[in-house]
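The following note concerns pockets and helix packing. Please read it alongside the model.

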Amino acid sequence: MTVTGPVLAVAVGVLAAMFVASGVPKLRRPFDSALAMVRFGVLKRIRPVAGRALGGAEVLLGVALVASPSPRWPALAGVALLAVFTTLVAVALARGRSFECACFGTGERISWATVARNVVYIAAASGVAAASQPPADRLLGLLAGVLIVCGYLVLSTMATLRPFATTLDGSGAADG
């Protein structure tokens, strides 16, 4: 099945917004990303320059999805990057490990939900790469993508931080 029309525009927008939203925190706090790379076994020592490089690559990929004449090549690069991330997460989980992934800078811990989310992104990127022509209305797609990704990030952050959680004694659950 080939993705076309508004669905293609929204897929490009979601992917672009997701890569930028994932890359910016890595640029701002490269130590967290480098620490995650050590935990995943990609690096032996914490090297913030690697975290910053990954963040920069993600931001460039997001911009390329929207700005290039055809999103096919950026989408293929996105599939490859997401496949590596997903494999690293799945291997860590299969080994019984759980830690913060620095995915979006929210303190999110890896889980099978992380794998499922990435599989959805891989499917979207694969559809964009397989499309026979670029999306007609990239601006509308980008706007929809930003709204979808921002909504996801708000819900994800709220699930992580639990700002409205209370205990039976009425105190906040911030202390765990």
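1. The lining of the second largest pocket divides into 4 nonpolar, 4 polar and 5 charged residues; Ala, Val, Leu, Ile, Met, Phe, Trp, Tyr, Cys and Pro count as nonpolar, Asp, Glu, Lys and Arg as charged, and the others, Gly among them, as polar. This is a predicted model, in which local features need pLDDT of at least 70 and side-chain atom pairs count only at pLDDT 80 or more, while totals for chains, interfaces and linings use all residues. Residues are numbered from 1 along each chain as its sequence is written, and side-chain values use heavy atoms, with hydrogens and water left out.

2. The volume of the second largest pocket is about 150 Å³. A pocket is an open set of points, on a 1 Å grid over the protein atoms alone, where a 1.4 Å probe fits, with protein on both sides within 12 Å along at least five of seven lines; lining residues have an atom within 4 Å of a point. Of its 13 lining residues, Arg29, Asp32, Ser33, Glu100 and Ala102 lie nearest the centre. Helix α2 gives the most to this second largest pocket, with 5 residues, and α1 and α2 each supply at least two.

3. The largest pocket holds about 320 Å³ of space. Among its 23 lining residues, Lys26, Leu54, Glu58, Phe85 and Cys101 are the closest to its centre. Two or more lining residues come from each of α1, α2 (30–40), α3, α4 (72–94) and α5 (112–130), and the largest share, 6 residues, is from α4. The lining of the largest pocket comprises 17 nonpolar, 3 polar and 3 charged residues.

4. Helices α1 (residues 5–28) and α3 (residues 48–67) have axes that come within 7 Å and cross at roughly 155°. The pair is therefore roughly antiparallel (angles over 145 degrees), and α1 passes α3 in a left-handed crossing. The residues of this contact of α1 with α3 (heavy atoms within 4.5 Å) divide into 13 nonpolar, 6 polar and 3 charged.

5. Helices α2 and α3 pack at an angle of about 100°, with their axes 7 Å apart. That makes α2 roughly perpendicular to α3 (65 to 115 degrees). On the α2 side the contact involves Pro30, Phe31, Ser33, Ala34 and Met37, and on the α3 side Pro48, Ala50, Gly51, Arg52 and Leu54. The residues of the contact of α2 with α3 divide into 7 nonpolar, 2 polar and 1 charged.

Methods. Axes are lines fitted to C-alpha atoms, for helices over the stretch in contact, and angles run from 0 to 180 degrees between N-to-C directions. Helices (H or I, at least four residues) and strands (E, at least two) are DSSP runs, numbered from the N terminus. Angles under 35 degrees count as roughly parallel, over 145 as roughly antiparallel, 65 to 115 as roughly perpendicular and the rest as oblique. A crossing is left-handed if the near helix is turned anticlockwise from the far one by less than a right angle, and right-handed if clockwise. Grid points are joined across faces, edges and corners, and a volume is the space filled by probe spheres set on the points.
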